[in-house]
Amino acid sequence: MTVTHLTYEAGELTASPTLRAAVVGAGFMGRIHAESARRAGARVVAATAGSPERADTAARSIGAERGYRDLDDLLAHASVDVVHICTPNSLHAEAAHAALSAGLHVVCEKPLATSVEQATALNDAAAAAGRVGTVPFVYRFHPMVREMRDRLAQAEAGIISTVNGSYLQDWLSRRTDHDWRVDSAAGGPSRAFADIGSHWCDLFEFVSGDRIVRLSAQTSVVHERAARGSDTATEDVASVQFRTAAGRVGTLVVSQVAAGRKNRLQMEISGTDASFVFDQEDPERLWIGRREGSQILVRDPAAMSAPAARYARLPAGHAQGYQDCFDAFTADTYRAVRGEGAPDGLPTFADGLRAARITEAVLKSAADDGTWTEVAT
């Protein structure tokens, strides 16, 4: 850590050590991570790309001070406190292990790893090293998600009866659409569910305090795309029925081929006294339904619960969105790195392992024609 920077929260200015961050991978997510690191007060001192020749270009593209030819070069020569891993999924485990072995804190894109075994090893390694390891399940940081969570914790819903939702995208809806994620050699055995279904499941368990214990899943490949490094096609669509530890039943539909849907995570939790709906594409509002009538609750720090108001960075009427969530996640991660305590709801490697276990159960059930399958604890 180097000089201090000033942060403003809860009406007070505080001085904190300036962390030095490195970003491994300079694509879309690498740029998001780098921007959130700067907004959280860190220096982005280092970057790597997919090849040594692109190191300098990678550094320029994300605004890092210097590019390094690969992770080994970065770890050997850069002075870093925390590493952000934004590589293809198949490289997550190796890169995270290397950073932890070097004594660094790690932010690793999801999925944390492409198997439960790898995710378990990473979770254990972070604990053994005494390092902070987080996974950006950033939808937890929408203020209206926190409001929903607080109201559910206060039993405002009454008896929760059902849960339903979807996560729909269209960026692979055409046969000609391609990306490294469609190749199981780079993206892992699951694509649509591991990429976005994991977000939905994490968000449900976070806001409800309940856990998915059994599920029945179906997956389908809508477009047969030529895989560049593997003959295995990953799913475009997943449909999941599930039961929770509290006995609730739920359904989830995941698709990356739903034309017109750009990034729609929608969740409805229905109860006997009240129901709640959150839509990630309309994150400033929370629908609350009651038998006597329904209402739209608009994000307003003055009218929200304290846990939710903490993440409402702007006054009412000034929209917050995805980057704001990422900024809040990174800022909370850095608080934990600086030893200021783990903020409530910070998603750690343990949550990444949890997502890997749910994904494993989905793939196992789908391969067995939807057989009900237990989710490992």
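Student: Which residue in E7 is the bridge partner of Val106?
Tutor: This is a predicted model, where local features need pLDDT of at least 70, side-chain atom pairs count only at pLDDT 80 or more, and totals for chains, interfaces and linings use all residues. Numbering starts from 1 along each chain as its sequence is written, and side-chain values use heavy atoms, leaving out hydrogens and water. Strand E6 (residues 105-108) and E7 run parallel, joined by two bridges; here helices (H or I, at least four residues) and strands (E, at least two) are DSSP runs, numbered from the N terminus. In E7, Val106 has as its bridge partner Gly133.

Student: Which strands stand at the edges of the open sheet?
Tutor: Let's go across it: the five strands pair in parallel, in the order E4-E3-E5-E6-E7, where two strands pair if DSSP finds at least two bridges between them. An edge strand has a single partner, so one of its sides is left without a neighbour in the sheet.

Student: Which residues of helix H2 are buried, and over what arc?
Tutor: In H2 (residues 55-62), the buried ones are Ala55, Ala58, Ala59 and Ile62; buried means under 20% relative accessible area, exposed over 50%, and partly exposed in between (1.4 Å probe, protein chains only). An α-helix has 3.6 residues a turn, so residues three or four places apart point the same way. The arc is taken from the directions from the helix axis to the C-beta atoms. These four lie on the same side of H2, because their arc is only 100 degrees.

Student: What covers those buried residues of H2?
Tutor: Look around H2 in the structure. Their cover includes helix H1 (28-39), strand E3 (20-24) and E4.

Student: Is His199 buried or exposed?
Tutor: His199 sits in helix H8 (residues 192-208). Setting aside neighbours within four places in sequence, its contacts (heavy atoms within 4.5 Å) are Lys110, Pro136, Phe137, Val138, Tyr139, Tyr167 and Leu265. With a relative accessibility of 8%, His199 counts as buried.

Student: How far apart in space are Pro136 and Asp351?
Tutor: Pro136 lies in the loop between E7 and helix H6 (143-153), and at 3% relative accessibility it counts as buried. Leaving aside neighbours within four places, its contacts include His33, His199, Phe326 and Phe329. Pro136 and Asp351 are 215 residues apart in sequence, yet C-alpha to C-alpha the distance is 9.8 Å.

Student: What is the radius of gyration of the chain?
Tutor: Now for the whole chain, with its eleven helices and 16 strands. For 377 residues the globule rule (2.2 Å times the number of residues to the power 0.38) gives 21 Å, and the chain is close to it, so it is as compact as a globular protein of that length. Taken over C-alpha atoms, the radius of gyration is 21 Å.

Student: What share of the chain is made up of buried residues?
Tutor: The C-alpha atoms fill a box of roughly 60 × 55 × 40 Å along the principal axes. Of the 377 residues in the chain, the buried share is 56%.
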